[in-house]
Amino acid sequence: MISLNKITKKGKALFLAYDQGLEHGPTDFNDKNVDPNYIIGIAKKGKYTAMIFQKGIAEKYNKEIKKSKIPLIIKLNGKTNLLKGEPVSKQLCTVDEAVKLGAKAVGYTIYFGSEHESEMLSEFENIVRDAHKKALPVIVWAYPRGKGTEGKSSSELMAYATRASLEIGADIVKIVYNGNPSALEWAVKSAGKTKVVIAGGAKESEKEFLFELKNILKSGAIGLAVGRNIWQSDKPLEITKKIKNVIWR
Ligand code: FBP
């Protein structure tokens, strides 16, 4: 069994995600949060249990990341949103490279239901093998998207995503919560011993976000992998504190 101790605290997780520059382009950013050092500062002052970067930022800002002492998670695949069509995200960084950069876990997106699902599954298989040899936890961004998801409900897809992630050897599965508490409970149950974290999504009101968080934790999910709701906030450390009070209450 792979230990999650290096990227969790008392079994709970709060990851600061910052791979949106690749996934969405810099449209999510302003003059402050366009700077990776601003994000590293939030992760450090907010004592996040880990922060998530792509290889390029992990390399160029390695000194600052190491100095922060916040555990690093490297996202091994990614894509821009410029190309439309069936989603596919291919590997851009190896487990070995991630380990050399100091990663304490690695992440990988799978678009379950895409015509390219099998390509991502076979890359993931190798990643799990390499990472587990080095005792590194693997987190799957489990995003059902593409032709195969048509006509399926979001609740059904959420549980399929977590179950599939258990079956393929993920240690943590990151899903987008559809707002239905009983569906989330089922998705967490379906994940078995694979732990579930929830993606933050586009920025919403603080009140709404904290309310949802309570339901998320009741479901048995272990926490959040959140980006925009934090670093787009005017007071990122205040909202961090409120989130932590709910997670580690
Ligand atoms: P946010 O909290 O900002 O939504 O970040 C979570 C995340 O999973 C990022 O890691 C990733 O870049 C982004 O969402 C992908 O979102 P999408 O594919 O829905 O555009």
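Mentor: Let's begin with the element names. Helices and strands here are DSSP runs, at least four residues (H or I) for a helix and at least two (E) for a strand, and they are numbered from the N terminus. Keep in mind too that this is a predicted model. Now try the names out: A135 is in the loop between α6 and β7, and β7 covers 138–142.

Trainee: Okay. What is the phi of A135, given that it is not a glycine?

Mentor: Positive, at about 60°. K69 is another non-glycine with a positive phi, in its case about 65°. You'll find K69 in the loop between α4 (62–68) and β3.

Trainee: Does K69 count as buried or exposed?

Mentor: For that you need the cut-offs: buried is under 20% relative accessible area, and exposed is over 50%. K69 comes out at 72%, so it counts as exposed.

Trainee: Let me see the opposite case, then. Where does L76 lie?

Mentor: L76 is in the loop between β3 (72–75) and β4 (77–78). Its relative accessible area is 0%, so L76 is buried. A191 is another loop residue, placed between α8 (181–190) and β9 (195–199). A191 is buried as well, because its relative accessible area is 0%.

Trainee: And S114?

Mentor: Look between β6 (103–110) and α6 (117–133): S114 is in that loop. With 5% relative accessibility, S114 counts as buried.

Trainee: Which backbone oxygen does the side chain of S114 reach?

Mentor: The one of P87, at 2.6 Å. Now a helix residue for practice: E123 is part of α6. Its relative accessibility is 15%, which is why E123 counts as buried.

Trainee: How do I relate distance along the chain to distance in space?

Mentor: Take two residues, count along the sequence, then read off the C-alpha separation. E123 and E208 are 85 residues apart along the chain, and their C-alpha atoms are separated by 37 Å. For A191 and K66, it's 125 residues in sequence and 32 Å in space, C-alpha to C-alpha. L76 and K147 give you 71 residues and 24 Å.

Trainee: On to the ligand. How many residues surround the ligand, and which are the closest?

Mentor: There are 14, and the closest are D19, H24, Y143, K174 and R228. Sorted by class, that shell has 4 nonpolar, 5 polar and 5 charged residues.

Trainee: How much of the accessible area of the ligand does the protein cover?

Mentor: On its own, the ligand has 470 Å² of accessible area, and the protein covers 88% of that.

Notes
Residues numbered from 1 in each chain as written. Predicted model: local features only at pLDDT ≥ 70, side-chain atom pairs only at ≥ 80, totals over all residues. Heavy atoms only, no water. Near = heavy atom within 4 Å. Areas by Shrake-Rupley, 256 points an atom, 1.4 Å probe, with all protein chains shown as cover. Nonpolar A, V, L, I, M, F, W, Y, C, P; charged D, E, K, R; others polar. Buried < 20%, exposed > 50% of the residue type's maximum accessible area, 1.4 Å probe, protein only. Polar contact = N/O pair within 3.5 Å; in protein donor to acceptor, adjacent residues only side chain to side chain.
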